[in-house]
Amino acid sequence: MPDLGKYAVEVLSAYGVSIALLIVIVLLSAARAARVGRQLAEAEERADG
Amino acid sequence: MSLWEFANPRRFMAFTDRWMPVALVLSAICLVVGLIWGFFFTPDDFRQGSTVKIIYLHVPSAMMAINAWVMMLVASLIWLIRRHHVSALAARAAAPVGVTFTLIALFTGAIWGQPMWGTWWAWEPRLTSFLILFLFYLGYVALWEAIEDPDTAADLTSILCLVGSVFALLSRYAVNFWNQGLHQGATLSLDAEENISDVFYFPLLVCIAGFILLFVGLVFMRTRTEIRARRLHALELRERMRDA
């Protein structure tokens, strides 16, 4: 861990919040993709059946 | 290969099926390498101390917040002129990613500004136009959600995107022609005298590549979802009509 001196709180919170936001947008996008994909597969199955 | 081929949803799905995972994996590699390099293996700045490490998040996110809007502008113009549905859906897909990048840029800017400028926020040209861009992003997302008919929603959000582009450009160029702000000029420059030191420059380039690839990967993923959601909506409508 580098010595961040008196700005440790600022630097660590910038990294923490930014990385958290990036993870949230990736997870939300992936979750919606999976949900819509599943619903579409079910709808296509009903349409074919 | 022509850009217009991707107006065909099947072509778009086939292309992104192959390249979306590549973009996402490369973005993860670039972000991990760039952020670890920048955080652990670069020195403090002689004036800014360790806060210079915020540059690896702030600059790429601010750059991509503006460029995401520019991409939405191009896609919106394609929709308005040529009525290709995939372009309208790509613009819609990009907006939440742009919101995230704008939020990161605003947050890291405030947290960097406090120790350096002595204030979290100043109503100066670049910061203010960036905040307005963020509000435009929120309005754009809300407008898509508020209108049921997808073509009407695409029309109105495209117009909103054209108007918001003024603030996207302002937030990029405000520092060049309004010399009254706190925010410094461009971090990256082709002029070696003005560009930042190489020790910060190279990890920053890796982080920028990571943010660009993440944006591309996420827009591919989200546009694929929008195309599928549209197909799902059509199937559900057909079911309802059949049952009625």
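Which residues of H1(A) are buried? The views below take up this question in a predicted model.

**View 1. Buried positions along H1 of chain A.** The buried residues of H1(A) are A:Glu10, A:Val11, A:Ala14, A:Ser18, A:Leu22, A:Ser29 and A:Leu40. Their cover includes H2, H3 and H6 of chain B. Across the 49 residues of chain A, 16% count as buried.

**View 2. Chain A and its helix.** Chain A holds one helix and zero strands. Its C-alpha atoms fill a box of roughly 65 × 15 × 5 Å along the principal axes. H1(A) has 41 residues, so at 1.5 Å a residue it should span 60 Å. The end C-alpha atoms of H1(A) lie 59 Å apart, which agrees.

**View 3. The contact between chains A and B.** Chain A gives 25 residues to the contact, and chain B gives 31 residues. On the chain A side, 15 residues are nonpolar, six are polar and four are charged.

**View 4. H1 of chain B and its bend.** Helix H1 of chain B covers residues 9–40, 32 residues in total. From first C-alpha to last it reaches 44 Å, close to the 46 Å expected. H1(B) bends by about 35° at B:Thr16. B:Thr16 is also one of the buried residues of H1(B).

**View 5. Buried residues of H1 of chain B and their cover.** Besides B:Thr16, the buried set includes B:Phe12, B:Met20, B:Ala23, B:Ser27, B:Cys30 and B:Leu31. Further along come B:Gly34, B:Leu35, B:Gly38 and B:Phe39. Helix H1 (8–48) of chain A is among the elements that cover these residues. From chain B, the cover includes H2 (55–82), H3 (85–117) and H6 (198–243).

Terms used
Residues numbered from 1 in each chain as written. Chains lettered and ligands numbered in written order. Predicted model: local features only at pLDDT ≥ 70, side-chain atom pairs only at ≥ 80, totals over all residues. Contact = placed C-beta atoms within 7 Å. Nonpolar A, V, L, I, M, F, W, Y, C, P; charged D, E, K, R; others polar. Helix = DSSP H or I, 4+ residues; strand = E, 2+ residues; numbered from the N terminus. Expected span 1.5 Å × (residues − 1). Bend = angle between axes of the 7 residues up to and from the residue. Buried ≥ 20, exposed ≤ 12 C-beta atoms within 10 Å, placed from the backbone.
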